[in-house]
Structure formats: C-alpha cells, structure tokens
Amino acid sequence: MRLKTSLLKEPKHKELVSCVGWTTADELYSCSDDHQILKWNLLTSETTRVVKLPDEIYPIDLHWFPRSIGGKRQSHAESFVLTSSDGKFHLISKLGRVEKSVEAHCGAVLAGRWNHEGAALVTAGEDGQVKIWSKTGMLRSTLAQQGTPVYSVAWGPDSEKVLYTSGKHLTIKPLQPNAKVLQWKAHDGLILKTDWNSVNNLILSAGEDCKYKVWDSYGRLLYSSQPHEYPITSVAWAGDGEFFAVGSFHTLRLCDKTGWSYALEKPNTGSIFNIAWSIDGTQLAGACGNGHVIFAHVVEQRWEWKNFEITLIKRRTMEVHNVLNDAVDLLEFRDRVIKASLNYGHLVVSTSLQCYVFSTKNWNTPLIFDLKEGTVSLILQAERHFLLVDGGGLYLYSYEGRFISSPKFPGMRTDILNAQTVSLSNDTLAVKDKADEKVIYIFEALSGKPLGDGKPLTHKAEIVEIALDQKGLTSERKIAFIDKNRDLYITSVKRFGKEQKIVKLGTMVQTLAWNDTSNILCGIQDTQFTVWYYPNTVYVDKDLLPKTLYEKDASEFSKNPQIVHFVGNQITIRRADGSLIHLNISPYPGILHEYVGSSKWEDAVRLCRFVKDQTLWACLAAMAVANRDMATAEIAYASIGEIDKVQFINSIKELPSKESRMAQILLFNGNTQEAETLLLQTGLVYQAIQININLFNWERALELAVKHKTHVDTVLAYRQKFLEDFSKKETNKSFLQYAEGMEIDWNKIKAKTELEIAQERERGASGPSVRASVTVQQ
C-alpha cells in the first residue's frame, strides 16, 4: 500500500496553509494565513475562493460539523467551526457566511473539535484552558485549566471523555465531575498533535521529539517510531481506524494502525501542519507550510485468498493475479473503489455508488447493484452471504445480489464497527454493543431478528474482540470472544431461557481466528501460539481439552502480532513490524472434522489409526461423545489411555433403558442438571435420586424423595452410611427431622432398588439389558 500524491505547480495560497477539511469525498476547504478560505473541487480540478476573512483573523483549526446526526446522514456537511489567533472561534456556513463569533480564550484558540454527534464543541487555547460549548456556541463548562498551552484536543469514542495535550504529557479527562483523570508522560518534547479514533479506540500523538506514538485508551504504549529529522507536526486517523497519516517537514507517511509504516513520501511542502482524511478514507489532504495543499490517494492495497492476489493499482482499477497459472485480469470500475473483501471464492467491491460481486471462477461478469448510502465502512464475508456496513445500518446480501436482511438493535452506531466487533457466519450475525461493552447482540442472518429468546449475550467484563465459528449446524453455532483482561471464552449462540455456560478457553490471548472450513480455533497466548482443534471439548469432557491442543513457541512473532487469515491449514500472522509470517498446521484435524460432520465414524477411526497421534485421538473421543457415538468414543479413549472413562462408557452401554443411557452420557459431559431433568421427565425418579446420592448432593436427593414420596429411607440410609464412614454426626435439620422414628432396613431398600431396576428393564426391553444401573452399597 502506498500514497499517490499530487501538488499544483504554483500554490493557490500566498501564506502558509494552517488547516483543511472535507465536506464530501471530492470537495475540500482550506484556510491560510493570507485570510482566504478556498474550496477545492477534485472532480473538476477547480479552486474557488469562498470568503476573505478580516485581516485580524488568522485561522488555526477547522472542523466540519458531523454528517451523521441521530442516525440520519446528510449528503454533505453544512457548516464548520474555525478557530483563530484572536481568541475567538467562528461558526461559518458552507457559503462562507460567519454565523457567529465567540470570545473563547485569552490568546489564540489552538484547536476546536465537534464531538461525534455534533452536540458539543471542545476548544483548547494558548491560555491552557479546555472548554466545552453547545452547538450554538454557548459555554457549558471549563473542563481544564493549566499553565501551558493546549496544542491539540480530541473526543473519546463515546463523546464522554476529552483527550488534550499538556506540555510533554497527555491527559484524558471525563466530562463527569469528580471522575478519575488519566495523565501520562508521552514524549520527551512538546506534544504538538493528538488524535483518538472511535473505531479502534487507539490514540495517536506527535511531538517535538520527532517521534509519533500509538497508545491504547489506558495510556499504554503500543508503538513508538524512530526519531525523524524534524518535529512531527500532524497526525490523523483514517475514519475506519485501519491506518493513519503522519506529517512533518517535507514528509508524509502512511502507517498501519499498529504503527509500522506502509509508505514514505518526500513532497516539497514545507511542514505539513494539518492532515484531513476524506469521508470514505480513500484519500487525504495536507495543509502545507509553503502555501500548497497536498492531496494523496491510497493505492496498491492488496487482498489475498488461496491462489489469488488482487491489487488496487489505480483508484478505479484492480489487477487480479492467479499465482497458479500466472493469469492476470484487469477489473475496471465506474467510480473509485472504497472497500473490498476477498474470501470464500468471491470478491466484493464497494465503490462510492455501487457494489460489485465477482466470482473467482469468472472475472468478466460481475453482479452489480446500487448502494443505499454510499460510503461502506466494512465488508464481511461468510460462505453463503456477505455483510455491508455503512453509516446508516447493517445490510446482508447474498452473492447473487439479493438483499436478505438488515438487523437493528437499540442505540446502534454502525460508524464505529470493525472486523473485531462484528462477526458473520452462514446463519448468524453477532455485533458487540458500544453503549455497553459487556453485551453482544446475536441475530439470525436470514430474518435479521434476534436469535433465541431475543436477549443479548452478556459477559461480566468488557469484550474486546468477537468471532463466530463458520461450519456445522446452526444449533451448535459457537462464539469465541476476548475480554479486556485478555481472557478467551467460548459459548453457544442458541439461547432459550436458561443461562448458557460461558467457558474459559485461555488467558492472555492477543488475537484469535476461526478456520474457514472447519471449527478449529487459533490464537496467540502470551508466549504461545495455540490451536484448539476441537474447542467444543470444554462442553464434552473438560479434562480432555489440554490433549486436543497444538502449541508452538510464539517468540518469533515479536510483540503484539495479529492473525490475518486462517484458511485451510495455513495461518497468516502479521508481526508488529508489518512483516507477514505463514504457518502451516497439520491437515488431519480438518479431515477429521469433515468425516465427523458427515458421520463417517469408521473413516475417522481409520484416519486416527493411520496418523497415530494422541491429539487426534483426543479430538475424536470428544467428537464421538458430543455426537453420542459411544462405540467410537470407547475406541478413542482406549487409544489415549483413559481407562476409567472406557469402563464408564462400557457401563453406560449396558444400561437397561435409553433414557438412563442418555442421562449417564449427560453426566459424563458434566451436565448434572440436564441428566436429572431427563430422568424426572421420563418418570425414573429413583435414578434421579441415585444420581444426586452418587454426587453427594444430599439435600437435593432428599428434596426429590420427599417431593415424589418415594425412597426417603434410601436417601437416609446412604446418608447415614456416609456419615459413619467419616465418623461424623448428623447436623442437617432436614435429615434429623425425617430420620425421627424411621427404621433403616437395608434388605427392604435392596428389594425396592431391585424392583425399580426390573421396572426400568421392562420399560427399556428393547435396550441391551445386562446389568443393574446402580450397585447397592451395603
């Protein structure tokens, strides 16, 4: 990826240009010390003067009023705020009329920014004050006062906090009074510029120490650049938070969100004092010290999938390269390309007005449909359909171009969604809520309605990243997520009434990805690269989980690596310096998933015998138990030496009725409650009581016996024997109450037990009856 820059031969402004701002994707306003505001039309390459400001007004900062207010998007911005050196800020209409001038600070107003909703304005001045204003220009509060000038200011993603510079320090101050203020030393020199992105929640800072740095919202350093030759005078995030631009003397740099540099340009600009990204994130403009305005387009973006490599060579042209046969195709578009995604055999491209869907089998005839909104900020693909996200909503389309659904939830803000906070599979869509970071909304893809009972998934801590698995049945769909403590959890998305178990899979997980063809999960855990070959093991046999993992030392990936793709058995990881590392894992677990998915148990066993790998046998054991194939489970457990489980499976196979076999399998999976419910529903009350006795759930066993008026003496007898074995006395009031006047007769209990077993045998006469379901201890 690189920047294609363009400069006019002669500057249009006579003095240095202090600030620039886009109204639409093709129209820019620039302000200069020559007191002129110019309008640049990129389609016609015309530059017109909007207004000449009074001679005492030297503009410093410009920010257009946000385009999206209350979910409604205007096609272009209508007014902007201009801060100036005379201590005022001016609200100016698009036509150049000064609607209002407000005395704001003593000395120059160095920065002015609208919040994301356009409901408030923050200004920062040479007098060291940070003030909050209403959108009509009325003072609401003075947020901060300090002894040094505040050079730059930025709103937090939720418009609840403000970030500002104070000398060498950065400060985050919430708007609520008495809330905790976060301040840290960020640079060795004066900080000149800062920016905070609402999508990825990361902070940029640039200083006179000639470095730019990337921070998280807790003030932790994620990246620090090498010192440049000159102070860094400007930094700015692209809207989608995927990359940012850095400006210095005769220098313009394009960087990835993790900090490493894509491209460096050395244009003849003087210092670049201000950088503004266009609304669609495809181009930027810079305010130059020599009177120029520099324009730069992002080109040579790359997308890879299997044997295809696609490059954006010009704004409206893509080159497709098939590395197998070296065939090259050129794809031409009517408008400039804004976003693209290549996956599952399809290339989806959104331009400023249309969406193109190409099949990798045929590049000549794309399917084209018009877009509702225009600026697409995110494209996500699943095997059967894809999702477009823009400022107005979420839209699901099939690869034939048919509109499927548009899910919605209260307080939805689509402009801040990215690939970490939205996930799509063939039947499910998951979206992380921004208002409450502990909540994930889960929708049925085809109808757009909330899944299950309609309640969202709620976790105990803030969630950072989410991912849905891609294969298997809808009823078994799983979602994996990382919370802010960097713990990895997995849970089922089907939720009816009862609280679904959220199970922890790992700790200190930096990044994760599901495989595209089978439900294998990979992640980078602290110093280990880990692959969970069958994550569902946690619901089947938790003790088996460590045996189903593949672990590799991750020190070669350096700090903060990110998993880019997990396609087939190849994993692509991007290191913090931008280099890509390709890893291959064993293809056998993928084949095993395929066999089990189509119930080819004999083939699965044959594969495991051929490979002779303990990990594969452990996966097969868990898969077999999950699919209730106990014969295969017995072979697999025997192969990994779990003899106790083999014996238990054998005892299950010999139970008289289908219900008790099913209940014992549920017990084997650790689902005690479900096993008990199943037995009670089918009238096997004694077995339900016996389960609780075996698990020493004495109170529950007595409760069931009393409720169903049967086997109270059995529970009391087992309880008495248990206490005698441990030389203890009865202290539980319930047991003391029922034990009064009751004679314990083991012969009678044994007779009753045998009668129960005989009755169960009759009920399950079709089942292989050999042995009793319980052994009477005496």
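The structure is a predicted model, in which local features need a pLDDT of at least 70 and side-chain atom pairs count only at pLDDT 80 or more, while totals for chains, interfaces and linings use all residues. Residues are numbered from 1 along each chain as its sequence is written, and side-chain values use heavy atoms, with hydrogens and water left out.

The chain contains 13 helices and 57 strands, where helices (H or I, at least four residues) and strands (E, at least two) are DSSP runs numbered from the N terminus. Along its principal axes, the C-alpha trace of the chain spans about 110 × 65 × 45 Å. Of the 778 residues in the chain, 55% are buried, a term that stands for a relative accessible area under 20%, with exposed meaning over 50% and partly exposed in between (1.4 Å probe, protein chains only).

Two helix pairs were examined for packing, with axes being lines fitted to C-alpha atoms, for helices over the stretch in contact, and angles running from 0 to 180 degrees between N-to-C directions. Helix α4 (residues 614-626) packs against helix α5 (residues 630-639) at an angle of about 155 degrees, and their axes lie 8 Å apart. The two helices α4 and α5 are therefore roughly antiparallel, a class for angles over 145 degrees, whereas those under 35 count as roughly parallel, 65 to 115 as roughly perpendicular and the rest as oblique. For helix α6 (residues 643-653) and α7, the axes come within 9 Å and cross at roughly 160 degrees, which makes α6 roughly antiparallel to α7. This crossing of α6 and α7 is right-handed. Within helix α7 (residues 658-668), the buried residues are Ser-660, Arg-661, Ala-663, Gln-664, Ile-665, Leu-666 and Phe-668.

Just after α7, Gly-670 adopts a positive phi of about 90 degrees. Most residues other than glycine have a negative phi. Lys-612, however, has a positive phi near 55 degrees although it is a residue other than glycine; Lys-612 is placed in the loop between α3 (601-611) and α4 and is exposed, with a relative accessible area of 69%. Phe-696, likewise not a glycine, has a positive phi of about 60 degrees and is found in the loop between α9 (685-694) and α10 (698-707).

A search of the whole structure finds three cavities of 30 Å³ or more, a cavity being a set of points, on a 1 Å grid over the protein atoms alone, where a 1.4 Å probe fits but cannot get out, with lining residues having an atom within 4 Å of a point. The largest cavity holds about 60 Å³ of space, its volume being the space filled by probe spheres set on the points, which are joined across faces, edges and corners. Eleven residues line the largest cavity, and those nearest its centre are Tyr-441, Ile-442, Leu-451, Lys-455 and Pro-456. Strand β45 (residues 439-444) supplies the largest share of this lining, three residues. By class, the lining has eight nonpolar, one polar and two charged residues, where Ala, Val, Leu, Ile, Met, Phe, Trp, Tyr, Cys and Pro count as nonpolar, Asp, Glu, Lys and Arg as charged, and the others, Gly among them, as polar.

Conventions:
On a 1 Å grid over the protein atoms alone, a cavity is a set of points where a 1.4 Å probe fits but cannot get out, and a pocket is an open set with protein on both sides within 12 Å along at least five of seven lines; lining residues have an atom within 4 Å of a point. A crossing is left-handed if the near helix is turned anticlockwise from the far one by less than a right angle, and right-handed if clockwise.
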